[in-house]
Structure formats: C-alpha cells, structure tokens
Amino acid sequence: EVLAVGPDGKRETHGMRKHYSVYSRRYRELSAGIVGQIVNELGSHPAVHSWQIDNEMGGRDFSAEAHTGFHAWLKQRYGTIENLNQTWGLEFWSQAYDRFDQIPMPTAAVGSIEVPERHHPSLIMAIARYNSAAWTSFIKLQCDIIRAKCAQPITTNMTAGFGHNWYQHNQLLDRVGFSIYADLDHYGWTLERLDRMRPEKLAPFWILETAPNWSGGGRQWNIHHSGEGVRAYTWLTTLVGGSMMLYWQWRSHWAGQEMQHGTCVTATGKWRPGKQAWQQVTAERAAQAAWLDAHPAPRADIGIVLSFEAAWGFSIDPITDDMKYGERWRNDHYLALVHNHIWRDIISPDVDISQYKVLLLPLLPIVPGTLRDQLGPWLRNGGRLLLGPLTGYRTAEWTTPVDRELAGLEDLIGAEVSTQFSAMWIENQINVDCGDGSTVRPIGFCDGYAPTTAKVLATYRGGYGDGAAAVIENQVGQGKVIALGCRVDAAVYSRLVKRLLDEAGIRPLAQGGDGKVIVTKRGDNALGIVNISEQPRTVTLPRAGRDRLTGKTVGPQIDLAPLAVLLIE
C-alpha cells in the first residue's frame, strides 16, 4: 500500500530502494513512527553527533493518491479551473479542462519525429513543482519530529541532477550535505557542487558519501584513482568550505547489491587499499583544524545563479540539440570563473544579492519576482550584472510574456528586443562582430537588441538578425549591466565577465594551472591549492607565502607535483 506507481500504472515491487511513495499518507505515518522511535531511544545518547534523514532522496509517483494530491495542489495555487485555463493558455490545441480532477500527470517528453508530442509545458512545470514540494514536506515531517526532542544538527545527502529544488529542501536542514562520486577526471563537476553548498548555510557543508577507493554496485570504477587522489579530493572539499568527509563505507557488506563497493575494511576484516592515505589526510586535517576553523572559506564577491526550475524548463523546451542545462551552465559559464581562478558563489535565484559586487544570470528563463525587485536598486547602488544568454524570456508559468519580450528587464538593459531568431543549422551564415576586429559564431536561439540608452558592444552580421545588437552595456545609477543576446564561446564570455570584474575591483586568486589547479580562498590572507591533475602543473600567485603543510616558503610561481595540496598563508 506504500509502494509507488510508475507512469505505466504498474506498482513497484518490494526489494529495490526508493520504491516507496512520499505521497502516501500511510507511508508518512509509518515513517513518522520510525523516526519518533529512533529519537526516543537514541536522541539523548552522547555518541549521536547529528541526524541524517533518509538517503539520496528522489523519485516520482503516479498513483491515484498522487493524482488527488496534485489536483488539490493545483486548486490551491490557481483557485478556479477557469483561472488555470487562462493562465496556461489552454485554448491552444483545445486543451482546456472543466474540472481539476481531469488534469493528468504525464511524463515530460520532448516532441520530435521519434517521440510523440509532449504535454503542455506549463503542466509539466507544475508537476515538477508539485513533486518537489512533496519531498520538501516529507523532509519537514522528519525534521519536526527530531527537533521536538533533540538539539543535534540535521542533514541529508543530495545527489547530482535536478529532480528536486534542493534550495527549498535545504532551508529546513541545519547542514547541507551531498553524496559525491564524481571521479578524478571530473573534479570540476565536484567543485560545482561544493561551491553551491557553501553559500547555502553559515555552517560548513558535509560530504556524507564518497568512495574510499573504488565504487560500484556491480561494475566498479576507481573514483579517485589512487590514495593520492583520495587525499587531494578530501582536501579539496575542506578548502572549499566543508568540515566533514565520510567514506562510504567502513566494512564491506557480505550480501546484497553492493558487495563489491569500495570500503575501508573487507567483509572478513582485512584492510582495503587506501589506508595510508586516510591516515595521512586525517593527521593533516587534525593538525590544521584549529587554523581552518579560525579561517573559514569566505563568501565571494561574485555570485552565479543556478536554478533547478531552469533545468526543468530546458528539459521541456531544450531549444537546441545540446541544451542540457547542467552541462551548458557548467561548461559555458561556471568554468569560466574556475579556470580564471575567480572566487565565486553559486547561488539560488531567491537569495539576497546585496552582498555581491558582480552577479551572473546565464540560462535563467524565469527570473523570479523576488530577484527582479532586487536588481534595480542593487544596480543603482553599484552592482555589476551580466544578464543572459536565454534569460528572462519566460513567465513564472513557463509561458511567453505578451507585453515586452523580457517582461520589463528592458528598462535595466537599456534596450528593447527588436528581433528573436534561431541560428541552428545556419550558424555558418551569421557572425557576431565583437567590435575589436574579432568575430564569433552565435549558438542556438538569439535576441537582437535595439538600444535606447545602452551602448553596443557586439553586432549580428548576416542572417535574420543582421544589424541588430548582440551584446549591449548599460549604465544604471552607479552600476552597470551587460546583456548577452546569444550563446558564445568561452573566450568571449570570459572577456565580458572580466570587464565587470575589473570595474568592481575583483582580482583573480592566481594565474595559470591549465584549468587543472583549483585555488581556494581561506579568509583574507590565505589560499588553498589542489592540483586535480595526475600531471605536474604550474601556478603563479600574487605573492609568495608559507605552506602550512610543509612549513616551506613557496611562490609566487609554484611548480606543483601531481595531485599536490598546499595551504598557503
């Protein structure tokens, strides 16, 4: 009775994990009973350090109970079926409903020759929000039971992907946690998750799972490649702002689906490979613990917005063949900061932006009202904003604004959108003239601007947008906004970011490293350095310093050994 139902109407079977339904009232009753019993038995035990509720939460349910809850959620949000029909524009394809209980819960399929046409995009967005809200309330149920009797901090472990809005979930928790199994060759993916966790709470984040050597519930792969990789990864999470690293798991289980998973000790009690590395990094962290506590990883001066709802939206309307939000956001925008050693925060669209000097809003179709309201005053007080590409062109209901293309952001960017066009399959016919003799090809969907007060930085040449502005810059009070009308290559994007950083007085932490050296900030006068490559790398700091791990004076230019770690003050 508590098992989830798939979109095909078939109920899950016992024996798999995540086979339950958080929409089930009976399941919630049973969960509350378990949590309450554990709290009563162990809540006052001196060995209880903290509480992790559940594990790697995720999943959907298409049961009758889930449908009923969805209809109630829609009624609460929209009031009347007439309002929902009008808000979503359901006269299109004769999709209007007479009653809330007629509304289905389809899966999101992108329309193509191979895949049948998807359901209405506003409906798909509503289902995603409803599902995320259900998990938020399930987390709250457990937190409330624990907090009623216990004072220890509460956490849980996120996983990669964008199935839920984890910003909302984490508001209920005391610590932000993650299970991270990205391998050494993809530590850039890991770094994105660390930079996202750090700004969410004043307290340090926790890594609640990573492999002590290899991973796999069947197929095995070496996550960190070697003991040196384990040490480098553990120090990376510490220097970016974490305070806990848990290796999954201690002793191998003798039965079940994960018998071959990497562990510290075998089922018979023998040490697994990596013991020397675990001992080394544990001793190093213990020796530096007081200093690290006194020199926490600070908030950054630049924030880059990551949006779960944007990920949902681009899965509904991907625009181009390669429009996977997580990859595009990371590779085209976030890594431009990392590779140039700019200390950065990854932030929610709903945060207070007043603490930031520079703000990047790439790939943000829905700009929430709370953020829109902040942008004008923040800019007038001296903020620097890089807006776009593909930002502001959808309403909160994933519809198109009907008055102005960007629903009022035009007043900030100092221009109207004069044309919108797709460059897909005709990229070779269009150039973006950057005004300095260089050109670049636009990618995907493009906005062309007609400036009112803005200065033109780049112009479309050829194709549908010929002559329209592709990049503009506008002064707003003491601040400035650059609007980017199309996807461009990393070099052009980095130049636009640097333009704003220079004006805001933000300097890189280092130079060089070929994108494989991660430089982190610890307070005002210390840096952490991790070479995430298995090859030597060279990095140059603003000035020399002392490595706390070895006691040696180093720099400004440092030749780093493979997987080297330095803590410099």
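Predicted model: local features only at pLDDT ≥ 70, side-chain atom pairs only at ≥ 80, totals over all residues.
Residues are numbered from 1 along each chain as its sequence is written, and side-chain values use heavy atoms, with hydrogens and water left out.

The structure holds 22 aromatic pairs; rings of Phe, Tyr and Trp (its six-membered ring) pair if their centres lie within 6.5 Å, and planes under 30 degrees apart count as stacked, over 60 as edge-to-face and the rest as tilted. The rings of Y167 and F308 have centres 5.1 Å apart and planes at 80°, so this pair is edge-to-face. F314 and Y325 instead form a stacked pair, with 6.1 Å between centres and 15° between planes. F162, Y167, F308, F314 and Y325 form one aromatic cluster. F314 is buried, with a relative accessible area of 1%; buried means under 20% relative accessible area, exposed over 50%, and partly exposed in between (1.4 Å probe, protein chains only). Y325 also counts as buried, at 4% relative accessibility.

In a regular strand the side chains alternate between the two faces of the sheet. Strands are DSSP runs of E with at least two residues, and helices are runs of H or I with at least four, numbered from the N terminus. Strand β27 (residues 565-568) is covered on both faces: V565 and L567 on one side, and L566 and I568 on the other, are all buried.

I38 lies in helix α1 (residues 25-42) and, at 37% relative accessibility, counts as partly exposed.
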